[in-house]
Amino acid sequence: MRILEFVLLIVVTILPFIKRQLLKKFAKKYLIFIVSFIALLHLVIDGWRWQMFLVYLLFVITLWRIYRINIEENPRPTFIRIFGYAIVLFTIVSMWFLPMLLAVFSLPEPTGNYEVGSKWIHIKTNQDEHITRDSSDKRELMIKVWYPTNDISGIRREPYVDEANRIGFINKYSLGILPPFTINYLDRIKTHVYPDAPISKETFPVLIFSPGYGSMSTGYYALLTEIASQGYIIVNVTHTYESLGATFPNGEKRFFDYIYQSKGDATSMDHIMSIKHAFEKGVSFDQRHKIIREASKDYFVTKIVDRWSNDLISVLNILDDYNDKGFFQNRMDLNKIGIFGHSRGGGAAGHAMLKDTRIKAAVNIDGVQWGQIMDTVFQKPFLFISADWPAEHEDINSHAYINKSTDYFYETKLLKSGHPNFMDIPLMIPIESIAGTGSIDAKLGLKITNELVVEFFDKHIKNDPNADVLKLKSKYELLEMNIYKGDSIK
């Protein structure tokens, strides 16, 4: 919440209850002028927004009461007066809720040596599109590239989150009831990204990023801006019909397909229940492992992870062309490719590394690693970052990562965090019970995650001899870490 918004809320909260005392010290015209000046400053500097509607309404009513009040009159506790104050109290509680729930927040400033530019790219693949009803459709993807720049002169910062993802977000969380303009307050978020800024004249490692299922694919500004500022080109993939929204070059917007999701959920119950029972019945780890391994093979989510990994590999396949000519010519070091993702995108990232030898290292941020990994082992460095799940949570990854890696395997947990703490969600919705986040400070959680991912890729992609993932264990008491090399713990 912005400072002037907060000041206006405080003023409107206390003014109805102390107006008589103030009027004994100040003339009406001076009191009206002072509080009106505060409101005017807010409107000029911050700008109005609908989430403050009740604040504005109570402000006008309070000014009217100040103008009409007779301070010589001795107020008596009549039913109407008591009822009026009850309405005021209810309004005050309500008027604080909306600006806090949908806050104008500040994004962390990137700490790297570079500013960050962005560019959208449209990719047509030869893969069949399994989600649409037309069997002749081929899969198309929109990707957003975040990259280092040193020249932002005359370039305006990009708005926070593209329009299609915004529409998808409001439709998801309001069940289609609220119109898209209700989150136009996001225009007031100050990003640290400059669209189409010239890329720095150096060669950078490339990281492919896959977001969570049914999430805003570009809603990871705090994470991706920081990593790009450290000297990485990040290719942020929108998984069409499974991310909240995507806008294609012809202006067409494609949104999350809830019908396809419901069909998949309906066919998944047998798999889900067998896995759930395997944890609830207290069977041995080895018995449970066999159950989960078999149940996961035809699981709807396993198929999504496999398809998403194909999306990521399709993106890898076009990088040579973009590095040979055009905007990114000779700016990508395609011998240094990493991959990472959050939630289902984290599982897809790990799965893609198993399938494509061009990927040198991978990070799974709090995603379940369904699929092939239960029958094999990673051959490359791998980092798993877990939220602080409760003890009763079904820990599928304890089975998926049983063999870990023949190379480095980092097993970490961000204490006091929830699954959304790795996105911008804890900044957007700073109410833990609604956002599903943990009690960790939102920006601290993002800072630890950023440093962990950067340190890992600096060591295993940039081959920086000074990079040391282990040092973060002692730096942050909220970070648990075990490091394995082959079968041994480091």
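# Why is it called that? Questions about this model

Tutor: Let's start at Ser343, whose place is in the loop between S8 and H11. This is a predicted model, in which local features need pLDDT of at least 70, side-chain atom pairs count only at pLDDT 80 or more, and totals for chains, interfaces and linings use all residues. Residues are numbered from 1 along each chain as its sequence is written, and side-chain values use heavy atoms, with hydrogens and water left out.

Student: Is Ser343 buried or exposed, and how do you know?

Tutor: Buried means under 20% relative accessible area, exposed means over 50%, and partly exposed lies in between (1.4 Å probe, protein chains only). Ser343 has 17%, so it counts as buried.

Student: What makes the backbone of Ser343 worth a look?

Tutor: Its phi is near 60°, a positive value in a residue other than glycine. For background, most residues other than glycine have a negative phi. Asp196 also has a positive phi, of about 60°, although it is not a glycine. You will find Asp196 in the loop between strand S3 (193-195) and S4. Just after H5, Leu175 takes a positive phi of about 55°.

Student: Which class does Asp196 fall into by accessibility, and why?

Tutor: The value for Asp196 is 46%, so this residue is called partly exposed.

Student: And what about Gly154: buried or exposed?

Tutor: Gly154 has a relative accessible area of 85%, so it is exposed. Look for Gly154 in the loop between strand S2 (138-149) and H5. Its C-alpha atom is separated by 9.8 Å from that of Tyr194, 40 residues apart along the chain.

Student: How do you know that S8 is mostly covered?

Tutor: By counting: eight of the 11 residues in S8 are buried. For S4, the count is seven of its seven residues.

Student: What makes S4 and S8 a pair of strands?

Tutor: Two strands pair if DSSP finds at least two bridges between them. S4 (residues 204-210) and S8 are joined by seven bridges and run parallel. Along this pairing, Ile208 has Ile339 as its bridge partner, and Ser210 stands opposite Gly341.

Student: Why are H1 and H2 given the orientation name they have?

Tutor: Axes are lines fitted to C-alpha atoms, for helices over the stretch in contact, and angles run from 0 to 180 degrees between N-to-C directions. Angles under 35 degrees count as roughly parallel, over 145 as roughly antiparallel, 65 to 115 as roughly perpendicular and the rest as oblique. H1 (residues 3-23) and H2 (residues 28-46) pack at about 170°, with axes 11 Å apart. The two helices are therefore roughly antiparallel. By class, their contact has 13 nonpolar, one polar and three charged residues. Nonpolar covers Ala, Val, Leu, Ile, Met, Phe, Trp, Tyr, Cys and Pro, charged covers Asp, Glu, Lys and Arg, and polar covers the others, Gly among them.

Student: Finally, which residues does Ser386 touch, leaving out those up to four places away in sequence?

Tutor: Contact means heavy atoms within 4.5 Å. With those sequence neighbours left out, Ser386 touches Asp366, Thr412, Lys413, Leu414, Ser417 and Phe422. Ser386 is in strand S10 (residues 382-386). Its relative accessibility is 11%, so Ser386 counts as buried.

How values were computed
Helices (H or I, at least four residues) and strands (E, at least two) are DSSP runs, numbered from the N terminus.
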